[in-house]
Amino acid sequence: MTARVARVFSEVLGVSAEQITDDTSPDNTPQWDSMAAMNLVVAIEDEFDVTLSTAEIISMRNVAIVKKVLTAKGVADA
Amino acid sequence: MSDAMPAASGGEAAAKSAAIEAKKRWRAHLASADPKPALRVGLAASFTADTLVPFVGAALLAENTAAAFTVAPFNQLFQTCLDPEASFHGAVDVAVVLWRLEDLMLDEITGFLAGELDALNRASGKLASFAAAIRQLRAGFKGMVIAGVPPYPTGVAGNLLSLDNAAGLGAFHRKLAAEFVDDVGRIEGVTLVDLDAMQRQIGVATAFDARKWYLYRQPYSDAFLYTAGRQLGRIVAASRRAAKKCVVLDADNTLWGGIVGEDGIDGIQIGDEFPGSAYRDFQKLLLSWRAQGVLLAVASKNNEADALEVFDKHSDMVLKREHLSAWQINWLPKAENIPLIAKALNIGTDSLVFIDDNPMEIAYMRDARAEVTSVLVPSEPADIVATMQALTLFDQLEVTDEDRKRADMMRAERDRETVAAQISHADFLNALDLKIDLFRAQPEDLGRITQLVNKTNQFNLTTIRRTLDEVRALANSDDWRLYGMRVTDKFGEYGLTGVVIVEISPDRRRWTIDSLMMSCRVLGRGVEPTLIGGLAGDARDQGAVEFRASYIPTAKNAICASFLPDQNFTSIGGQEWHLDLADAPAIPAHVTRLGGAAPATTQALQPQLADVAE
């Protein structure tokens, strides 16, 4: 899952997959603006075939939390 | 290549993966983006419209157009209409204005649902102001203007499924959407994109994403954005390229089910029972294309008599022999028959679309005649109409009177040729009673003129293409003359079949023919000297002494290579030609020029200035 998450973030934010770490967040990644946030939600839902609640979306303030949310939703290989 | 789109019956999963694919294509394009886009598009909406960009972008890429987008700040529709360059941070070629009732008139909706008597009137007043702003945008902006029809309101207190909705939110939406279409749809040069119909097609619930609305002020699901983006791309692309002119149809298992040579005329499937009903509906679609000016032809491997008997005698056939402009029904390879059809219709093979149910025929045609667009009929008869409806090949924004009459005019042409074969050429010309109206273009002619400017490949001296807005600008300039030509003879009207665009030198003494084009259907009856002779008369009346013109050869316009010398022009080197107006050809005796000289000024061409209702 880590590689898939990194790929989704890399594609949507337009940065290389190596630059995506657990700490990647809007605070250290200028590309992660509100528009990118919305695109990330759609891309994550598409990639992992899940539906995110508004509470989950609001909570996802860095990549580590995204993985945690996905694990909680039963996405394998956290 | 704009191949057939997947059939609409592919279901929700197919739509979802198509949306994902579109976004990927757009991301890949951005990563490798050409710094100079072919087209700049400005989007202004009453909601966050950034998410629409990848879908419009991908749809345009599918039509071979790389576009760059600017999205105006959210909910600045009025400001954008009044000053598009400021909102779009510079000039754009296309301005798209999208709005939702619930963004512009939420108070009126709430009031209406609460029973306030004047709520609808207040909403109509707001709509009129908005329409006036769009009129203002049209008047002050050179590019293409597209306005969205508002979809059914979502995320407001009114409920689509409430028992009194027919008199509630539904009534509000129907009335305002209709008023908008009625008002803005009448503005010349504004194209509507029917977001309401698209929302209906995928469903109001599927189109709305409540989470995105609350979190980001962006109300729409990707499924809706994909559908809307594709339609916007279609509209923009249709304004920029020539539509196909003729569809060449296979017969067996394309126009009807079964094989007439084996099953017999009574054994084929066409009519009210499935699968015959699917073929019948396809034939109805073909007739609607014909009514827009698309010519219909048949290329079938059959005995000619067997196939034609179906058109003539089968009572369930919607398509009759009289609807066909040409046919080649024989046992030759279809790739050999296609050029014969193109020649009979005086069009290029690249303006043909070939439709056949046999994958081998399609593959063979793509190989032998790559310039022909080949479309496979789906093997599921129920999918035929949806697949064909999704073709963008015949899209055109302005269907003119000439388009509507074209297929019928081609029939008159066959009658003319029959007469020509019977009598001598000189007698024929006199008997023709040829009347030519050479006139300064009027506002209502500009749509047809733009079409000729962009579609005429063969008899076209310079092949300079222009948008409707560019043509309109020339029509309104005192330094240019925009002429149209209408030809009539005893067999009927050819319609507006010629265009000349002239630039006048600052000292008014020289007229330079920037563009000159004619439909090949009117050539060779004295039309050419009438055109130049008539134009020369007008030029002399307005103080000119000289014509300049150029012939720019292309792969297709060899037919007009001798036009300039034939009309007494002399070469002055390179592609440039000169005509002393004293040497201009006379209008032939058998031709009547209708209307006389065209005046130097035309008041009617002044653009209508919109008055803003505030």
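## The largest cavity

Helix 19 (401-422) and helix 21 (446-455) of chain B each supply at least two residues of the lining of the largest cavity. Helices here are DSSP runs of H or I with at least four residues, and strands are runs of E with at least two, numbered from the N terminus. The model is predicted, with local features needing pLDDT of at least 70 and side-chain atom pairs counting only at pLDDT 80 or more, while totals for chains, interfaces and linings use all residues. Residues are numbered from 1 along each chain as its sequence is written, chains are lettered from A in the order in which they are written, and side-chain values use heavy atoms, without hydrogens and water.

The largest cavity has a volume of about 370 Å³. Of its 21 lining residues, Lys245(B), Asn346(B), Ile347(B), Ser519(B) and Arg521(B) are the closest to the centre. A cavity is a set of points on a 1 Å grid over the protein atoms alone where a 1.4 Å probe fits but cannot get out, and lining residues have an atom within 4 Å of a point. Helix 21 of chain B gives the most to this lining, with 4 residues. The lining divides into 7 nonpolar, 8 polar and 6 charged residues.

## The second largest cavity

The second largest cavity has a volume of about 40 Å³. Among the residues that line it are Phe47(B), Leu98(B), Tyr220(B) and Phe224(B). Helix 12 (residues 222-240) of chain B gives the largest share of this lining, 3 residues. The lining holds 8 nonpolar residues, no polar and no charged; Tyr and Ala count as nonpolar.

## The parallel sheet

Chain B has an open sheet of 5 strands in the order 8-7-6-9-10, with parallel pairing. Its edge strands, strand 8 (324-329) and strand 10 (373-376), each pair on one side only. Two strands pair if DSSP finds at least two bridges between them. Strand 6 (residues 246-249) and strand 7 (residues 295-300) of chain B are joined over 4 bridges, and Val248(B) stands opposite Ala297(B) in strand 7.

Helix 14 (residues 276-291) of chain B packs on the sheet and touches strand 6, strand 7 and strand 9 (352-356). Contact means heavy atoms within 4.5 Å. The direction of helix 14 makes about 155° with that of strand 6 of chain B. Angles run from 0 to 180 degrees between N-to-C directions of lines fitted to C-alpha atoms, for helices over the stretch in contact.

## A covered helix

In helix 2 (residues 53-62) of chain B, 8 of the 10 residues are buried, including Val53(B), Phe55(B) and Leu60(B). Buried means under 20% relative accessible area, with a 1.4 Å probe and protein chains only. Just after helix 2, Asn64(B) takes a positive phi of about 65°.

How values were computed. Buried means under 20% relative accessible area, exposed over 50%, partly exposed in between (1.4 Å probe, protein chains only). On a 1 Å grid over the protein atoms alone, a cavity is a set of points where a 1.4 Å probe fits but cannot get out, and a pocket is an open set with protein on both sides within 12 Å along at least five of seven lines; lining residues have an atom within 4 Å of a point. Grid points are joined across faces, edges and corners, and a volume is the space filled by probe spheres set on the points.
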